[in-house]
Amino acid sequence: KHPYDSSSEFLNDQVLGARALICSRNESAPLIDRVTALQVAGLCGEPGVLDYCRTLVAGGQAEGQTMLMVSAIAVIGNGGGTGDLDLLSRHRLSADIRLRESTRIAMRRIDARS
């Protein structure tokens, strides 16, 4: 069996998503790895990723972690519901254009699904 065969145990959404969520929560990991891992966990539909993203967004931006927040907002936009609109709306007027733009896109995606 080829190591990159899609039937490989590691390459299924459940395993990959779970490992990615663990990495995204690892505060000692490099930030870029956490950002990418959060995106992967969201794309895989990992259970718990929305709750983690909601916690990140509700807690506000940690110093130097804007891109982690942007990824969390994007994950909520892709998988969240109308109940997340209030949580997201607090970032609509952020001084950081990246947060404003990701929030606008996320809210539009949620609205489109409603």
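Visitor: What's the relative accessible area of threonine 36?

Guide: Threonine 36 has 40%, so it's partly exposed (buried is under 20%, exposed over 50%, partly exposed in between, with a 1.4 Å probe and protein chains only). This is a predicted model, where local features need pLDDT of at least 70, side-chain atom pairs need 80 or more, and totals for chains, interfaces and linings use all residues. Numbering starts from 1 along each chain as its sequence is written, and side-chain values use heavy atoms, without hydrogens or water.

Visitor: Where does threonine 36 sit?

Guide: Threonine 36 is in helix H2 (helices are DSSP runs of H or I, at least four residues, numbered from the N terminus). Its C-alpha is 12 Å from that of asparagine 26, 10 residues away along the chain.

Visitor: Which residues of H2 make the contact with H4?

Guide: The axes of H2 (residues 31-43) and H4 (residues 66-79) come within 9 Å and cross at roughly 0° (axes are lines fitted to C-alpha atoms over the stretch in contact, angles run from 0 to 180 degrees between N-to-C directions). The two helices are therefore roughly parallel (under 35 degrees). On the H2 side, the contact (heavy atoms within 4.5 Å) is made by Leu31, Arg34, Val35, Leu38, Gln39 and Gly42. H4 brings Met67, Leu68, Ser71, Ala72 and Val75.

Visitor: Switching to H1: what caps its N-terminal end?

Guide: Asparagine 12 does, with a side-chain oxygen 3.0 Å from the backbone nitrogen of glutamine 14. H1 covers residues 13-25.

Visitor: And which residues of H1 are buried?

Guide: Val15, Gly17, Ala20, Leu21 and Ser24. Those buried residues pack against H2 and helix H3, residues 49-59.

Visitor: OK, aspartate 84. Buried or exposed?

Guide: Aspartate 84 counts as buried because its relative accessibility is 6%. It lies in the loop between H4 and helix H5, residues 85-89.

Visitor: What does its side chain join up with?

Guide: A polar contact of 2.6 Å joins the side chains of aspartate 84 and arginine 54 (N or O atoms within 3.5 Å, one able to donate a hydrogen and the other to accept it; sequence neighbours count only if both atoms are side-chain atoms). Leaving out residues up to four places away in sequence, aspartate 84 touches Arg54, Ile76 and Ile110.

Visitor: Last one: where's serine 102?

Guide: Serine 102 is in helix H6, residues 97-113, and is buried at 11% relative accessible area. Its side chain reaches the backbone oxygen of leucine 99 at 3.2 Å. Again leaving out residues up to four places away in sequence, serine 102 touches Val70 and Ile73.

Technical notes: Parallel < 35°, antiparallel > 145°, perpendicular 65-115°, else oblique. Expected span 1.5 Å × (residues − 1).
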